[in-house]
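The sequence and the structure are shown first.

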Amino acid sequence: MNKKKKVIIGVVLFVLAVAVGYALFSDTLTINGTATAKGEFELTYLCEKAEEGGSTAECSVSGNTVTTTSTFSKPNDAVGYYVTVTNTGSIPAVLKTVTSPNNYDVNNVDKPTAGGDEAYIDTTTMLAAYYHSMINNDELYGDSAFEEANIVIEPGNSINIEIIHLWLDSSQFSMEQPAIPAEGAKINYNLTFGFEQKTN
(Lines give C-alpha, C1' and ligand atoms only; values in the text may rest on other atoms or scores of the structure.)
Protein backbone atom coordinates (compact mmCIF):
# COMPACT_ATOMS: atom_id res chain seq x y z
CA MET A 1 0.00 0.00 0.00
CA ASN A 2 1.49 3.28 -1.00
CA LYS A 3 1.73 6.36 1.13
CA LYS A 4 -1.16 8.15 -0.58
CA LYS A 5 -3.63 5.30 0.15
CA LYS A 6 -2.54 5.22 3.81
CA VAL A 7 -3.26 8.93 4.16
CA ILE A 8 -6.73 8.56 2.58
CA ILE A 9 -7.61 5.61 4.84
CA GLY A 10 -6.37 7.56 7.85
CA VAL A 11 -8.49 10.58 6.96
CA VAL A 12 -11.58 8.39 6.40
CA LEU A 13 -11.07 6.66 9.80
CA PHE A 14 -10.62 10.04 11.52
CA VAL A 15 -13.80 11.44 9.97
CA LEU A 16 -15.74 8.29 10.99
CA ALA A 17 -14.42 8.56 14.57
CA VAL A 18 -15.43 12.22 14.79
CA ALA A 19 -18.88 11.49 13.35
CA VAL A 20 -19.49 8.62 15.79
CA GLY A 21 -18.26 10.71 18.73
CA TYR A 22 -20.47 13.62 17.75
CA ALA A 23 -23.48 11.30 17.46
CA LEU A 24 -22.83 9.88 20.92
CA PHE A 25 -22.47 13.28 22.58
CA SER A 26 -25.36 14.93 20.75
CA ASP A 27 -27.90 12.26 21.69
CA THR A 28 -31.01 13.50 23.59
CA LEU A 29 -30.87 13.03 27.35
CA THR A 30 -34.27 12.26 28.88
CA ILE A 31 -34.86 12.22 32.64
CA ASN A 32 -38.15 10.96 34.01
CA GLY A 33 -39.26 11.69 37.58
CA THR A 34 -41.77 13.32 39.87
CA ALA A 35 -41.16 16.34 42.08
CA THR A 36 -43.29 16.58 45.22
CA ALA A 37 -43.34 19.47 47.67
CA LYS A 38 -43.47 17.89 51.10
CA GLY A 39 -45.39 19.56 53.87
CA GLU A 40 -48.48 19.35 56.01
CA PHE A 41 -51.35 21.85 55.99
CA GLU A 42 -53.04 21.81 59.39
CA LEU A 43 -54.70 24.38 61.65
CA THR A 44 -55.91 23.88 65.22
CA TYR A 45 -58.74 25.91 66.75
CA LEU A 46 -59.18 26.54 70.47
CA CYS A 47 -62.04 28.48 72.07
CA GLU A 48 -62.28 29.52 75.71
CA LYS A 49 -64.72 31.67 77.69
CA ALA A 50 -63.25 34.83 79.14
CA GLU A 51 -63.45 35.14 82.90
CA GLU A 52 -66.25 37.70 82.92
CA GLY A 53 -70.03 38.13 82.81
CA GLY A 54 -72.71 36.00 81.27
CA SER A 55 -75.08 33.61 83.02
CA THR A 56 -73.98 30.68 80.91
CA ALA A 57 -71.43 30.57 78.12
CA GLU A 58 -70.50 27.72 75.80
CA CYS A 59 -67.95 27.49 73.03
CA SER A 60 -67.39 24.61 70.64
CA VAL A 61 -65.25 23.87 67.58
CA SER A 62 -66.24 21.71 64.63
CA GLY A 63 -63.68 21.61 61.82
CA ASN A 64 -63.01 25.26 60.99
CA THR A 65 -66.20 26.61 62.59
CA VAL A 66 -66.31 28.12 66.06
CA THR A 67 -69.75 28.36 67.70
CA THR A 68 -70.44 30.47 70.80
CA THR A 69 -73.65 30.45 72.83
CA SER A 70 -74.51 32.78 75.71
CA THR A 71 -77.56 33.07 77.94
CA PHE A 72 -78.07 36.36 79.80
CA SER A 73 -80.27 37.03 82.82
CA LYS A 74 -80.46 40.83 82.53
CA PRO A 75 -79.69 43.68 80.13
CA ASN A 76 -76.15 45.09 80.10
CA ASP A 77 -74.71 41.60 80.62
CA ALA A 78 -71.75 40.74 78.41
CA VAL A 79 -69.42 37.82 77.91
CA GLY A 80 -66.25 37.34 75.89
CA TYR A 81 -64.64 34.35 74.20
CA TYR A 82 -61.04 33.90 73.14
CA VAL A 83 -60.38 32.00 69.92
CA THR A 84 -56.84 30.89 69.11
CA VAL A 85 -56.00 29.62 65.62
CA THR A 86 -52.62 27.85 65.52
CA ASN A 87 -50.74 26.62 62.45
CA THR A 88 -49.78 23.12 63.59
CA GLY A 89 -48.65 22.11 60.10
CA SER A 90 -45.43 22.83 58.22
CA ILE A 91 -46.85 25.10 55.48
CA PRO A 92 -47.73 28.82 55.91
CA ALA A 93 -51.50 29.39 55.90
CA VAL A 94 -53.26 32.53 54.64
CA LEU A 95 -56.74 33.55 55.77
CA LYS A 96 -58.97 34.04 52.71
CA THR A 97 -62.48 34.15 54.17
CA VAL A 98 -64.36 34.53 57.43
CA THR A 99 -68.06 33.81 57.39
CA SER A 100 -70.41 34.90 60.13
CA PRO A 101 -73.85 34.23 58.62
CA ASN A 102 -75.77 36.47 61.02
CA ASN A 103 -73.51 39.50 60.56
CA TYR A 104 -74.40 42.59 58.60
CA ASP A 105 -72.83 46.00 58.12
CA VAL A 106 -73.54 48.33 61.03
CA ASN A 107 -71.51 50.70 63.13
CA ASN A 108 -69.72 48.53 65.65
CA VAL A 109 -71.69 48.37 68.90
CA ASP A 110 -68.59 48.98 71.00
CA LYS A 111 -66.85 51.53 68.76
CA PRO A 112 -69.58 53.70 67.22
CA THR A 113 -67.02 55.99 65.57
CA ALA A 114 -65.39 53.15 63.66
CA GLY A 115 -68.10 53.15 60.99
CA GLY A 116 -68.79 50.33 58.58
CA ASP A 117 -67.69 47.57 60.94
CA GLU A 118 -69.61 44.34 60.94
CA ALA A 119 -71.58 43.15 63.93
CA TYR A 120 -74.75 41.26 64.72
CA ILE A 121 -77.65 43.08 66.39
CA ASP A 122 -81.10 41.62 66.85
CA THR A 123 -83.30 44.69 67.30
CA THR A 124 -86.14 42.53 68.60
CA THR A 125 -84.22 41.07 71.54
CA MET A 126 -81.40 43.68 71.67
CA LEU A 127 -78.83 40.87 71.68
CA ALA A 128 -75.60 41.72 69.89
CA ALA A 129 -72.26 40.13 69.00
CA TYR A 130 -69.07 41.03 67.17
CA TYR A 131 -65.46 39.90 66.95
CA HIS A 132 -62.12 41.65 66.70
CA SER A 133 -58.37 41.14 66.89
CA MET A 134 -55.12 43.05 66.86
CA ILE A 135 -53.18 41.90 63.76
CA ASN A 136 -49.93 43.57 62.67
CA ASN A 137 -50.68 46.58 64.90
CA ASP A 138 -54.12 47.04 63.31
CA GLU A 139 -57.33 46.38 65.22
CA LEU A 140 -59.68 44.51 62.91
CA TYR A 141 -63.47 44.22 63.26
CA GLY A 142 -65.66 41.95 61.14
CA ASP A 143 -65.44 39.72 58.09
CA SER A 144 -64.35 42.27 55.48
CA ALA A 145 -61.53 43.69 57.59
CA PHE A 146 -60.15 40.21 58.33
CA GLU A 147 -60.36 39.13 54.67
CA GLU A 148 -58.60 42.28 53.42
CA ALA A 149 -55.77 42.06 55.98
CA ASN A 150 -53.94 39.22 54.18
CA ILE A 151 -53.31 37.39 57.47
CA VAL A 152 -50.60 34.72 57.20
CA ILE A 153 -49.91 32.25 60.00
CA GLU A 154 -46.45 30.73 59.77
CA PRO A 155 -45.91 27.16 61.06
CA GLY A 156 -45.90 27.16 64.85
CA ASN A 157 -47.52 30.62 65.11
CA SER A 158 -51.04 31.66 66.18
CA ILE A 159 -53.56 34.47 65.90
CA ASN A 160 -55.97 35.41 68.67
CA ILE A 161 -59.53 36.61 68.12
CA GLU A 162 -61.98 37.86 70.73
CA ILE A 163 -65.73 37.36 70.35
CA ILE A 164 -68.04 39.57 72.40
CA HIS A 165 -71.72 38.86 73.22
CA LEU A 166 -73.90 41.65 74.66
CA TRP A 167 -77.42 42.15 75.85
CA LEU A 168 -77.99 45.82 75.16
CA ASP A 169 -80.18 48.02 77.32
CA SER A 170 -82.99 49.25 75.07
CA SER A 171 -83.50 52.37 77.16
CA GLN A 172 -80.15 53.65 75.91
CA PHE A 173 -81.64 53.67 72.40
CA SER A 174 -85.05 55.06 73.46
CA MET A 175 -86.60 51.70 72.74
CA GLU A 176 -88.86 49.52 74.81
CA GLN A 177 -86.97 46.72 76.55
CA PRO A 178 -88.30 43.32 75.52
CA ALA A 179 -89.63 41.06 78.26
CA ILE A 180 -86.99 38.91 79.90
CA PRO A 181 -87.69 35.25 79.14
CA ALA A 182 -87.79 32.93 82.14
CA GLU A 183 -84.97 30.90 80.63
CA GLY A 184 -82.93 34.02 79.91
CA ALA A 185 -81.98 35.71 76.65
CA LYS A 186 -79.97 33.37 74.45
CA ILE A 187 -77.65 34.24 71.57
CA ASN A 188 -75.84 31.91 69.16
CA TYR A 189 -72.98 33.27 67.09
CA ASN A 190 -70.58 31.38 64.84
CA LEU A 191 -67.50 32.05 62.72
CA THR A 192 -66.21 29.85 59.90
CA PHE A 193 -62.60 30.39 58.81
CA GLY A 194 -61.31 29.69 55.30
CA PHE A 195 -57.54 29.24 55.28
CA GLU A 196 -55.49 28.20 52.24
CA GLN A 197 -51.88 27.22 51.66
CA LYS A 198 -49.74 30.26 50.97
CA THR A 199 -48.55 30.06 47.37
CA ASN A 200 -46.01 32.87 47.15
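Predicted model: local features only at pLDDT ≥ 70, side-chain atom pairs only at ≥ 80, totals over all residues.

## Overall architecture

Of the 200 residues in the protein, 35% are buried. The accessible surface amounts to about 12,300 Å², and carbon and sulfur atoms account for 53% of that area. Among contacts between residues at least 6 apart in sequence, 71% join residues that are at least 24 apart.

## The five-stranded sheet

An open sheet is formed by five strands, arranged in the order β2-β3-β12-β5-β10 with antiparallel pairing. Its edges are β2 (56–62) and β10 (152–153), each of which pairs on one side only. In general, the strands of a sheet pair through backbone hydrogen bonds, in either a parallel or an antiparallel manner.

Within this sheet, strand β3 (residues 65–72) runs antiparallel to strand β12 (residues 185–197), and eight bridges join the two. One of the residues involved is Val66, whose bridge partner in β12 is Leu191.

## The disulfide

The model has one disulfide by the distance rule applied, a rule that requires two cysteine sulfur atoms within 2.5 Å. The pair consists of Cys47 and Cys59, with sulfur atoms 1.6 Å apart. Cys47 lies in strand β1 (residues 43–49) and Cys59 in strand β2, so that the pair, twelve residues apart, links distant parts of the chain. A disulfide is a covalent bond between the sulfur atoms of two cysteines.

The link of Cys47 and Cys59 is right-handed, with 100° about the S-S bond. The two cysteines fall into separate accessibility classes: Cys47 counts as buried because its relative accessibility is 14%, under the 20% limit, whereas Cys59 counts as partly exposed at 26%.

## Asp77 in the β3–β4 loop

Asp77 is located in the loop between β3 and β4 (78–87).

Technical notes
Residues numbered from 1 in each chain as written. Heavy atoms only, no water. Pairing = 2+ DSSP bridges. Helix = DSSP H or I, 4+ residues; strand = E, 2+ residues; numbered from the N terminus. Buried < 20%, exposed > 50% of the residue type's maximum accessible area, 1.4 Å probe, protein only. Contact = heavy atoms within 4.5 Å. Areas by Shrake-Rupley, 256 points an atom, 1.4 Å probe, with all protein chains shown as cover.
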